Amino acid sequence: MDISKRPQTFERQKGFSNTVRTEQVSTRPATYYLSGAKIKRFKMLEESSEPGWLSEEVKTGTTIIAIEFDGGVVLGSDSRVSAGETVVNRVMNKLSLLHDKIYCALSGSAADAQTIAEMVNYQLDVHSIEVGEDPQVRSAATLVKNISYKYKEELSAHLIVAGWDKRGGGQVYVTLNGLLSRQPFAVGGSGSAYVYGFVDAEYRKAMSKEDCQQFVVNTLSLAMSRDGSSGGVAYLVTIDEKGAEEKCILGNELPTFYDQ
Amino acid sequence: MAAYMSAGRSANAFSTHDFVPEWAQEEVSTGTTIMAVEFDGGVVIGADSRTTTGAYIANRVTDKLTPIHDHIFCCRSGSAADTQAVADAVTYQLGFHSIELDEPPLVQTAANLFQQMCYRYREELMAGIIVAGWDKRRGGQVYTVPMGGMIVRQPVSVGGSGSSYIYGFMDSNYKPGMTKEECLHFCTQALALAMERDGSSGGVARLAAITEEGLERRVVLGHQLPKFSNT
């Protein structure tokens, strides 16, 4: 595997969490082993002279989407990471590489999601060497699912896994809360609530690659304009037999709608 | 179609009062989807028909489109009791005002009456209301008065718990200058999408078109609603 394509580790990122279902977060037990949030909270009790955003948990209210087409997949995400009301990173790429032709979209607690992605990236490397060929998308999704399920009380991250392999073509898998399910397309993150109606209405079977890319860009644009926790630029990754193509669409190039 | 699981929903398996069903202790709510659209010559309003007490559907054929005056309606979301009480009070006040004026009241007047009441009693009330209608001065108008008591006029507005899911659809599909039939079709689709996704919305879709000529009501039954299958 190409070393230069390894996912970056962002030491400065503290974490981001999915704010869609606040009920989920509030009923969760207080032990957060894998996320930095617990440590941050204790710090807040001792010294209150620092700005609020330093002691707030870093959240990426997010919008992520992945969709299959015949011959590959398209993944998309926004780029906003917030801590309280501050945006700590406005250009974060939430589409993380798991293997050459398998990517995952991160949402929920950033620390948790990035850690899962790194772990699975390592495990997939080992697995692909063992079998001597490119791993299946289903294998990557299963590895993510295993971690999500085993640590489901401690983690609050949701990864959508999508990619291309020669056995199954383009595939999209959701791993929310430790389930594993293949779907024609999937949306996630806090911004996804606002676009369920749009994607239900606009999705058609057997769309072409360009149609899928346009669908993803439109969905991201709508969600980013309605969700305060999503914004910035739109990142797109298109994966097919030939490889993965990354693209970034700046804010002013995104499609606009009747009230903008 | 994303797999959405609400893992954190608190379902009390053993209630302290087992002789009274759990839903009888819950407040009656119209978790709901309501919307209103302006067009040249009037407005189209729509709502679902589900009223819930907790997980029990108390009324599956509710009419959430309440007449306030001949050409002014309101769409109610939030607590059923609160919205009914506020709507009754405003209906009385508007009727009185209209007699004093000796002409049909303005939609803006009705909307401001709602806003004053919702703002004054904002801590006690849980009411999100969309006021829509036609008057001679400004034609079709839609005013939204969400919880908290603000007021703003918009060409198209959605409200209620199901509204979150259709903001994207509304933004992309609404175009200024639609005809009455196009507005009705747009509302039907939006309500169907929201009812599909929101557990607190469902039943039938009730629509009404208000123009200078008067009122035209429609009901779209469950099996007649547009289907958006993506499996």
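Reader: In strand 13 of chain B, which residue is the bridge partner of B:Ala208?

Author: Quick caveat: this is a predicted model, where local features need pLDDT of at least 70 and side-chain atom pairs count only at pLDDT 80 or more, while totals for chains, interfaces and linings use all residues. Residues are numbered from 1 along each chain as written, chains are lettered from A and ligands numbered from 1 in written order, and side-chain values use heavy atoms, leaving out hydrogens and water. Strand 12 (residues 205–211) of chain B pairs with strand 13 of chain B in the antiparallel sense over six bridges (pairing takes at least two DSSP bridges; strands are DSSP E runs of at least two residues, helices H or I runs of at least four, both numbered from the N terminus). In strand 13 of chain B, the partner of B:Ala208 is B:Arg217.

Reader: Why is one side of strand 11 and of strand 13 of chain B left without a neighbour in the sheet?

Author: The sheet is open, with five antiparallel strands in the order 11-2-3-12-13. Strand 11 (156–159) and strand 13 (215–220) of chain B stand at the edges, so each has a single partner strand.

Reader: What angle does helix 5 of chain B make with strand 2 of chain B?

Author: Helix 5 (residues 180–197) of chain B packs on that sheet and touches strands 2, 3, 11, 12 and 13 of chain B (contact is heavy atoms within 4.5 Å). Angles run from 0 to 180 degrees between N-to-C directions, with axes fitted to C-alpha atoms, for helices over the stretch in contact. For helix 5 and strand 2 of chain B, that gives about 160°.

Reader: Over in chain A, how many bridges join strand 12 to strand 13?

Author: Chain A also has an open antiparallel sheet in the order 11-2-3-12-13. Within it, A:Val237 has A:Glu246 in strand 13 as its bridge partner. Strand 12 (residues 234–240) and strand 13 of chain A run antiparallel, and the number of bridges joining them is seven.

Reader: How far apart in sequence are the parts tied together by A:Lys94 and A:Asp78?

Author: Their side chains meet in a salt bridge at 3.0 Å, N to O (the cut-off is a Lys or Arg side-chain nitrogen within 4 Å of an Asp or Glu carboxyl oxygen). A:Lys94 lies in the loop between strands 5 and 6 of chain A and A:Asp78 in the loop between strands 3 and 4, so the parts tied together are apart by 16 residues.
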